[in-house]
Amino acid sequence: MNEEYDVIVLGTGLKECILSGLLSVDGHKVLHMDRNDYYGGASSSLSLNQLWKRFRGDDKPPESLGSSKEYNVDMIPKFMMANGALVRVLIHTNVTKYLNFKAVDGSFVYNKSKIHKVPATDVEALKSPLMGLFEKRRARKLFIYVQDYEDNDPKSHEGLDLTKVTAWDLIQKYGLEDNTVDFIGHAVALHRDDSYLDEPGLDFVKRMKLYAESLARFEGGSPYIYPLYGLGELPQAFARLSAVYGGTYMLNKPECKYFSTLKRINNVVMGLQVEFDENGKAIGVTSEGETAKCKKVVCDPSYMPDKVQKVGRVARAICIMSHPIPNTSDSHSAQVILPQKQLGRKSDMYLFCCSYTHNVAPQGKYIAFVSAEAETDQPEVELKPGIDLLGSVDETFFDIYDIYNPTNKEDDDNCFISTSYDASTHFESTVQDVLAMYHKITGKEVDLTVDLSSASAAAAE
């Protein structure tokens, strides 16, 4: 292993695998290593037996739940926007040939103690029971403004400079009620809290446009798509891409320990260790006594605990059910967003549901997740508003994990560390982190001007 690489990537989570693929396509020499013997890291998909072992020890799951191998339970459940950045990255890298997608049936919002379909266009706004007659007309005007808005057409701006006018000022122009602002901001623009209201309105408008364009893409009940057999397919697909372009993979490497050459004792090297020179710059990774040299190291937070800080936690309930989420039009796959104000919380709660129709569970079984940024130490209590919306549940597993952000300066140590996955059940924030890391590593932007129709056939099947 005494070779020199441009980049060594540690961890096969989705973010790391996307970066490995992008860098390999760019012609960088990449070595990709993981302490686990499977792809996916924190974003892996588990069989029923693996799920049981992780949360229930050695217990065997009941036979009534069906075959273990028919389950692919995501540990980080997220849908993709049909016109979103991740789909564009998939097309840009031609990873679509390794994956099959299916549109998600429904997109819903929790409002006034009920689940409602999310309106995303002027036509849907007029039909929505979320608003009264006059409010519908006001909301319709905002949707028309958003649909017509074009960056390079000043006439469509109606005299508003959205790089200066806040989202709140734009919304107030249409006189919308708080409940309407709530579902538009959180279930259409997909903001996780209300801080966006004080920020320039351009991002808010672009997010609304993305939702509407994604919804129109497959003329389904939601703007989302999801891979058959679960999200565990995504890291493997990008790993295949990297391998095609010369990337080298090594799984099942010993536990990584953060390590500096200045602290080596008797020159004994154990485990998988990042090596630094006397200036604190990463220069390689040692595994089982062999060192691979490199110019840069990319990893998830677990590989460099001294260079990250805890910024929060995610609480999640994983539920196996024998029916769809009630009041979602019998959707076999759906997202329900519970805006923070509806629950008296500081941030949103999310319901995610998929089923046998996406090949993640046996016939007749559904996998539902309730996720939120943890605000207490009691996920069972905190997630109850979402769990109560699920109806009867066969099995429930509770999980809580820490969110980390990097604290290092990449120019000083040549280390590029991803952020942990947030509580949202869509990929937009995840991909923005990947694109920002790619820019820091290469100094370049990923060209996401792609022909979106090339992914349509697979997703529409």
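**Strands and their partners in a predicted model**

Three strands make up an open sheet in the order β5-β9-β6, with antiparallel pairing. This is a predicted model, in which local features need pLDDT of at least 70, side-chain atom pairs count only at pLDDT 80 or more, and totals for chains, interfaces and linings use all residues. Residues are numbered from 1 along each chain as its sequence is written, and side-chain values use heavy atoms, with hydrogens and water left out.

Q: Why is one side of β5 and of β6 left without a neighbour in the sheet?
A: Both β5 (80-81) and β6 (101-103) stand at the edges and have a single partner strand each, so one side of each has no neighbour in the sheet. Strands here are DSSP runs (E, at least two residues), numbered from the N terminus.

Q: What makes β5 and β9 a pair?
A: Two strands pair if DSSP finds at least two bridges between them, and β5 and β9 (residues 224-227) have two bridges in the antiparallel sense, with Met 80 opposite Ile 225.

Q: Why is strand β7 called mostly covered?
A: Buried means under 20% relative accessible area, exposed over 50% and partly exposed in between (1.4 Å probe, protein chains only); in β7 (residues 106-111), six of six residues are buried. Gly 106, Phe 108 and Tyr 110 point one way, while Ser 107, Val 109 and Asn 111 point the other way.

Q: Which strands pair with β7, and in which sense?
A: β7 pairs with β16 (residues 334-338) in the parallel sense over four bridges, and with β8 (residues 114-117) in the antiparallel sense, also over four bridges.
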